[in-house]
Amino acid sequence: MKALILGNRLGIVESKATYPVKITSLFLNQLFDMNLNFSSRMKFSFRDGGTLRLKDHLTHADLQLAFILFRCCNAYGYIDLTNRKALYRRLENEFESPISEGQFYAALEKFSHHQLILSEESADGDIRHRLNYFMNEKTNKIGHYVLFHPFVFTKVFHELTLAEKKLIISAYAQASGSSKKIITRNLKQVDKTFRHAQFSGLLSFLHKSQKSHISDILNNLAQLLLPVETKTNAKLLDSVQLVKGKNGYKAELKFNSEFLIPVVNKDQQKYYNPLDACSLYPKFFSFLKREADFYGIGELFSDQHLSNRLVKRLRPVSVRLIRHAFHDLMEYVKEKGILPRNPEYMIKHSIEDKFNTILDKVITKVGADEFVRYPETREELVKERKWSFSQAALKSKLGIKKIRIRMEQTIKSLNRSYPVLPWDVSDYGAGPTTYQYQELRKFLDIDSIKREALIEKVDPFYYGDLEYNALLAIRNTNPKVVEDWIRGELPKLPRLPGKRLLPYNFRLENLVFSN
DNA sequence: ATATCTGCAGGGCGTGATCA
DNA sequence: TGATCACGCCCTGCAGATAT
């Protein structure tokens with residue numbers, strides 16, 4: 001592992017090492033190929049009338065951007081661009097001489113134009129960004145890659161000319177970590193078949209018109225000293241020369257093996273360092289810290305890993321609920337003198353509890369109880385329906401206000417499409433053709449009992465239970481006692497004003513939280 | 001109101017042309 | 001072929017616009 005402390009912000013402020021960075025060869029190929037159409041001099045701008053920039057021109061900014069993109073993507077090449085500034089802050093951390101912010105945005109835009117960065121919509125509707133030419137589609141692993149020594153982040157490297165940088169990067173990638181290779185590049189490509197810009201001859205690749213220009217570059221590179229280890233410089237190249245071959249002049253470069261990193265390496269994670277939630281949402285993160293401090297639980301955010309999880313989890317949660325959870329934590333700390341072992345778990349629960357309490361009130365207020373619990377009437381099952389509804393509400397990530405508005409609208413339209421119809425005698429108990437009815441009628445005045453239930457608007461579901469129990473009882477009990485029992489139970493049963501002809505598979509959450 | 005993003009001026013580099 | 005030059009775009013730093 002070649003990780004060294006550089007004069008970048010990572011090194012100076014945090015005393016942290018800068019690691020090598022992985023880049024796929026294919027990506028580099030395409031990056032350099034953006035020059036292929038250079039002569040067209042096509043321009044782009046951020047907005048109509050804005051500053052024009054060359055679309056097919058590779059710049060210093062592009063190179064820094066490429067390195068930082070590969071640093072901040074995950075193992076599948078996905079990169080979070082919800083806050084591009086966060087990516088720029090990382091660039092400022094890793095490079096000794098970072099490019100300016102304006103150039104950074106311009107380079108990003110250019111990468112999108114060239115489809116080096118792809119944006120795709122995921123199943124949940126979020127836009128995600130992915131580095132193109134990253135995965136090997138067949139193996140579903142990262143494609144052939146090169147580990148770039150951290151010298152690419154140094155000031156010395158940054159101050160080289162563009163042509164010098166391009167040559168180093170291209171040749172270094174070709175060496176691919178193997179120290180024995182001597183890289184040779186013709187000045188002119190005699191073979192006319194299509195070549196990627198990198199291999200189209202050095203004169204064309206480096207935008208030079210004369211052999212002497214190339215030899216100037218090579219002479220400079222021959223002297224080039226870069227840090228191999230922390231505070232130790234060495235020559236980047238063992239040898240550089242311009243020699244005459246049978247196809248004209250060619251450049252030969254051999255890298256100092258101390259700068260090369262073999263591709264077999266175990267510390268994979270060190271090369272990727274994706275942007276974390278705290279840096280993507282710095283504003284929200286500082287809000288959380290402020291609130292936590294206010295409640296005397298600022299310690300909650302002393303751990304980087306937990307901070308990231310909390311930022312992610314709490315982002316869609318309303319301020320009111322966050323404060324409630326922090327308040328609960330404060331009470332806990334007051335009592336036990338210490339934060340719970342798993343504060344995230346406690347926060348989650350206290351938010352869900354509070355959310356459900358508020359949601360229950362809203363349900364009652366907008367008159368949605370009967371729809372939430374539909375089609376269940378028994379207490380345990382109604383509980384399940386309520387739980388399922390509140391899960392859907394949580395998952396929707398809507399604020400309580402929005403939920404309330406949506407519910408009011410939905411209830412309104414439900415009342416129009418499914419008006420309350422009065423109960424009919426036939427809704428109560430078993431019908432006249434059934435065995436149950438025939439049996440009961442032999443012993444009791446069942447018709448008069450049904451009429452009584454109808455007048456009282458008893459919930460027929462519960463009446464049904466009553467009638468069934470009467471049928472069982474009548475076989476070994478005095479009918480008179482059974483009849484008195486029924487009449488006595490009737491007033492205790494729940495009432496329902498009427499029936500709605502809702503389909504049996506009706507679920508309120510599907511209406512309120514769809515799309 | 002603050003953070004993020006884009007425009008602008010002028011110096012200097014990158015590109016490719018001219019001249020010997 | 002090599003030395004030098006000219007044009008225009010990149011680059012920085014800051015101002016101003018736009019988004020949250």
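## Aromatic cluster and pairs

In this predicted model, one aromatic cluster is formed by Phe-67, Phe-95, Phe-148, Phe-151, Phe-153, Phe-157, Tyr-172, Phe-255 and Phe-259. Rings of Phe, Tyr and Trp (its six-membered ring) are paired if their centres lie within 6.5 Å; planes under 30 degrees apart are stacked, over 60 edge-to-face, and the rest tilted.

The whole structure contains 24 aromatic pairs. Tyr-428 is buried at 0% relative accessibility, and Tyr-463 is buried at 1% (buried: under 20% relative accessible area; exposed: over 50%; partly exposed: in between; 1.4 Å probe, protein chains only).

## Overall form

The C-alpha trace of chain A spans about 120 × 60 × 50 Å along its principal axes. Of the 515 residues in chain A, 44% are buried. Contacts (heavy atoms within 4.5 Å) between residues at least 6 apart in sequence join residues at least 24 apart in 68% of cases.

## Basis of the values

Residues are numbered from 1 along each chain as its sequence is written, and chains are lettered from A and ligands numbered from 1 in the order written. Local features need pLDDT of at least 70, side-chain atom pairs count only at pLDDT 80 or more, and totals for chains, interfaces and linings use all residues, while side-chain values use heavy atoms, without hydrogens and water.
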